Amino acid sequence: MADLGTLYLVPTPIGNMGDITLRAIEALRASDAVLCEDTRVTGKLLAHLDLHKPLERLDENVMRQRADAIIARLLTGETLAFCSDAGMPSVSDPGMHLVERARKAAVPVVVLPGASAAVTAYVASGFQTPRYLFAGFLPRKTEAREACLEELAPVDAALVFYESPHRLVGTLDALAKAFPYRKVAVCRELTKLHEEVAVDAAPALATAFAEREKQAPLKGEVVIVVDGPALAERERDQADALEAAQARLRELLQEGVRPKEAARIVQEGCDIPRNAAYEMTLATKAMLAEEGRLS
């Protein structure tokens, strides 16, 4: 029985060709063929490295149809490299499916570290939030995008998104509405000659890029970093939660619910500490009594 081949996940430069690693070059050189999203893009990289390998297109449109055949080749001893157009394979591209299939077939998978636009942008933003969440591409449809941002709003981390230049203005407008108190970084053309990192409050950045697009179409791949929840946002959310809790208490007490039970309901439903919920209940009961609203 032939020895198993190896699947190499090879990171490629996100812009500057000098960011290719020595291990990436070695893996490409050792491979029998290179699988990639776009043969033209990866072909330029191989030509730059003076490597001559068969190139095979394996983008999201053909990945699932060709995955079985790829795994079969690995099982018979071929060594294959998979590259995305730029950066780490399997990050917002179809490579994840190939890795999953290879793992299930017990084919050795070697993932090489290398350039990542998400990590580069997070660091370039300068935000002090000690953690980040990579959220990929936002949904294109307005309602789905708003729902996604609402879901991500409570996350205590910087949010990192990929975006295309022609959707940037619309996305920044959505971010300004969802996170009016937060800073945002737009990182464009990372590691390239015309690299740009623009940082400002979300509404100001949305206005600035809308004005720029009126002058000329925006170009270059974009990474957006949204800072973690700001103090003003936390205070607003806390005030909203307390207002909602008090309104709920008024309803419960006027319906005849006993104070202890009303406090428990509000504590669980509004995520308020037990003692605070009970003190708020007593204060609300006293207020209702003064207003003559308790039976």
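In what order do the five strands of the open sheet lie? In this predicted model, the strand order is β6-β7-β10-β8-β9, and the pairing is mixed. The edges of the sheet are formed by β6 (132–137) and β9 (196–201); each has a single partner strand, so one side of each is left without a neighbour in the sheet. On average, and with direction ignored, neighbouring strands of this sheet are turned by 20° against each other.

Strand β6 runs parallel to β7 (residues 158–163), and four bridges join the two. Leu133 has Leu159 of β7 as its bridge partner. Two helices pack on the sheet. Helix α5 (residues 117–125) touches β6, β7, β8 (183–188), β9 and β10 (222–226), and the direction of α5 makes about 50° with that of β10. Helix α7 (residues 168–178) also packs on the sheet, where α7 touches β7, β8 and β10. The angle between the directions of α7 and β10 is about 5°.

Within helix α7 lies Thr171. This residue, Thr171, has a relative accessibility of 1% and therefore counts as buried, the cut-off for that class being under 20%. When neighbours within four places in sequence are left aside, the contacts of Thr171 are with Leu138, Arg145, Glu163 and Ile224.

Rolling a probe the size of a water molecule over the atoms shows where empty space is left. The volume of the largest pocket is about 920 Å³. Its lining comprises 32 residues, of which Ile14, Asp85, Ala86, Gly87 and Glu221 are the closest to the pocket centre. At least two lining residues are supplied by each of α2 (39–49), β7 and β10. The largest share of this lining comes from α2, with four residues. Divided by class, the lining of the largest pocket consists of 15 nonpolar, eight polar and nine charged residues.

The second largest pocket holds about 180 Å³ of space. Glu37, Asp59, Glu60, Asn61, Asp85, Ser92, Asp93, Pro94 and Phe137 form the lining of the second largest pocket. Five of these residues are charged, two are polar and two are nonpolar. Asp85 is among the residues closest to the centre of the largest pocket and is also one of the residues that line the second largest pocket.

Backbone geometry was considered last. Most residues other than glycine have a negative phi. Ser90, which is not a glycine, has a positive phi of about 75°. The position of Ser90 is in the loop between β4 (80–83) and α4 (95–104). With a relative accessibility of 12%, Ser90 counts as buried. A positive phi, near 65°, is also found for Ala106, another residue other than glycine. Ala106 is placed in the loop between α4 and β5 (109–111). At 54% relative accessibility, Ala106 counts as exposed, since the cut-off for exposed residues is over 50%. Thus Ser90 is buried, whereas Ala106 is exposed.

Conventions: Residues are numbered from 1 along each chain as its sequence is written. This is a predicted model: local features need pLDDT of at least 70, side-chain atom pairs count only at pLDDT 80 or more; totals for chains, interfaces and linings use all residues. Side-chain values use heavy atoms; hydrogens and water are left out. Two strands pair if DSSP finds at least two bridges between them. Axes are lines fitted to C-alpha atoms, for helices over the stretch in contact, and angles run from 0 to 180 degrees between N-to-C directions. Contact means heavy atoms within 4.5 Å. On a 1 Å grid over the protein atoms alone, a cavity is a set of points where a 1.4 Å probe fits but cannot get out, and a pocket is an open set with protein on both sides within 12 Å along at least five of seven lines; lining residues have an atom within 4 Å of a point. Grid points are joined across faces, edges and corners, and a volume is the space filled by probe spheres set on the points. Ala, Val, Leu, Ile, Met, Phe, Trp, Tyr, Cys and Pro count as nonpolar, Asp, Glu, Lys and Arg as charged, and the others, Gly among them, as polar. Buried means under 20% relative accessible area, exposed over 50%, partly exposed in between (1.4 Å probe, protein chains only).
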